[in-house]
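The entries follow the order in which I checked things.

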Amino acid sequence: MSPVRRAVPPVLLACLLMTGCSSVQLGTPTPSNSQNPAPGAPAGSGRPIAVGAGPQKHYTVQQQPAAGSCHYRFEHGEPLEDPACTPGAVSPAVTQSNLKSTICRKGGYTSGIRPSAYVTGKEKKLNAASYGYTGRMGDAEYDHLISLQLGGDPNDPRNLWVESADPGHKKGAGVNNKKDPVETKLHTAVCKGQITLAAAQQAIVTDWTTALTVLHLA
């Protein structure tokens, strides 16, 4: 049986006959130009963020990571969470399509979904042990990594950590950190439509100290 010969496409044949023609691979698609990220979306968005249980009528004390298993990171002296222990979690009750009736509504949103101090007080002590925090409890905030005003889950242990005090913080002066103003600026930008909810959430879980710069809000 004679071997089967495949016809050479006219375009390829012409290319082969021309001098200086670069090599051509059959069946290889031409790569398309990469698209720019959507407005407000951080370049190189990271991992997907977990979805928590959302607001509950009755919150219960959540199990925390093992004592000493979490480790702070620091950026210019500012405390950052351990991504392995506190990767963040969002609330399924807050979406881009319902911002006006949730985090952007007049009259506030967070007070009605915040766990009680009875629950968070116990969680805070347990989480302090997780992070090996030994400072004054009154100087540390039991912080939602993705704040409630940015659609963070209210009581998911993946979204809460004992945030130690800022550099130069006066001992016994109470909670006062630089993360809170960042969250407020992001919330304002989300509600004004300057950035998306997802972009704000991703910027916070990546590094709250650079969130405003990354989203061009600094």
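**Entry 1: strand E5.** I started with strand E5, residues 141–144, in what is a predicted model. Next I looked up the partner of E5. E5 pairs with E6 in the antiparallel sense, over four bridges. Within this pairing I noted that Val162 of E6 stands opposite Tyr142.

**Entry 2: helix H2.** I checked the length of H2 against what its residue count predicts. H2 has 15 residues, so at 1.5 Å a residue it should span 21 Å, and the 20 Å between its end C-alpha atoms agrees with this. I then listed the buried residues of H2: Val119, Thr120, Glu123, Lys124, Asn127, Ala128, Ser130 and Tyr131. They lie on the same side of H2, because the arc they cover around the axis is only 155 degrees. I wrote a general rule beside this: an α-helix has 3.6 residues a turn, so residues three or four places apart point the same way. On the other side of H2, I found Tyr118 and Lys125 exposed. What covers the buried residues of H2? The cover includes E5 and E6, which brought me back to the strands of my first entry. Last, I looked at what comes after the helix: H2 is followed by Gly132, which has a positive phi near 70 degrees.

**Entry 3: the nonpolar core.** I turned to the largest nonpolar core, which has 40 residues. Which of them touch the most other members? They are Leu186, Val190 and Ile204. I then asked which elements supply this core. H2 (117–131), E6 (160–163), H3 (179–191), H4 (197–206) and H5 (211–214) each give at least two residues. H4 gives the most, with six residues.

I followed up Val190. Leaving aside its neighbours within four places in sequence, Val190 is in contact with Leu99, Ile103, Leu150, Ile195, Thr196, Leu197 and Ala200.

**Entry 4: Leu150.** Leu150 was in the contact list of Val190, and I looked it up separately. Leu150 is found in the loop between E5 and E6. Is Leu150 buried or exposed? Its relative accessibility is 0%, so it counts as buried. The C-alpha atoms of Leu150 and His187 are separated by 6.0 Å, although the two residues are 37 apart along the chain.

**Entry 5: the disulfides.** How many disulfides does the structure hold? I found two.

One joins Cys70 to Cys85, with 2.1 Å from S to S. This pair links distant parts of the chain, 15 residues apart: Cys70 is in the loop between E1 (50–51) and E2 (73–75), and Cys85 in the loop between E3 (78–80) and E4 (89–90). The torsion about the S-S bond is about -100 degrees, so I noted this disulfide as left-handed. Cys70 has 1% relative accessibility and therefore counts as buried. Cys85 is also buried, at 12%.

Another disulfide joins Cys104 to Cys191, with 2.0 Å from S to S. The partners are 87 residues apart, with Cys104 in the loop between E4 and H2 and Cys191 in helix H3. Here the torsion is about -90 degrees, so this disulfide is left-handed. Cys104 is partly exposed, with a relative accessible area of 22%. Cys191 is partly exposed at 35%.

**Entry 6: the whole chain.** I ended with the overall counts. The protein has five helices and six strands. From the N terminus on, I read the order of elements as α-β-β-β-β-α-β-β-α-α-α. Of the 218 residues, 41% count as buried. I also looked up how far apart in sequence the contacting residues are. Among contacts between residues at least 6 apart in sequence, 74% join residues at least 24 apart.

Key
Residues are numbered from 1 along each chain as its sequence is written. This is a predicted model: local features need pLDDT of at least 70, side-chain atom pairs count only at pLDDT 80 or more; totals for chains, interfaces and linings use all residues. Side-chain values use heavy atoms; hydrogens and water are left out. A nonpolar core is a set of buried Ala, Val, Leu, Ile, Met, Phe, Trp, Tyr and Cys residues joined through side-chain atoms within 4.5 Å. Buried means under 20% relative accessible area, exposed over 50%, partly exposed in between (1.4 Å probe, protein chains only). Contact means heavy atoms within 4.5 Å. A disulfide is a pair of cysteine sulfur atoms within 2.5 Å. Two strands pair if DSSP finds at least two bridges between them. The expected span of a helix is 1.5 Å times one less than its number of residues. The arc is that of the directions from the helix axis to the C-beta atoms.
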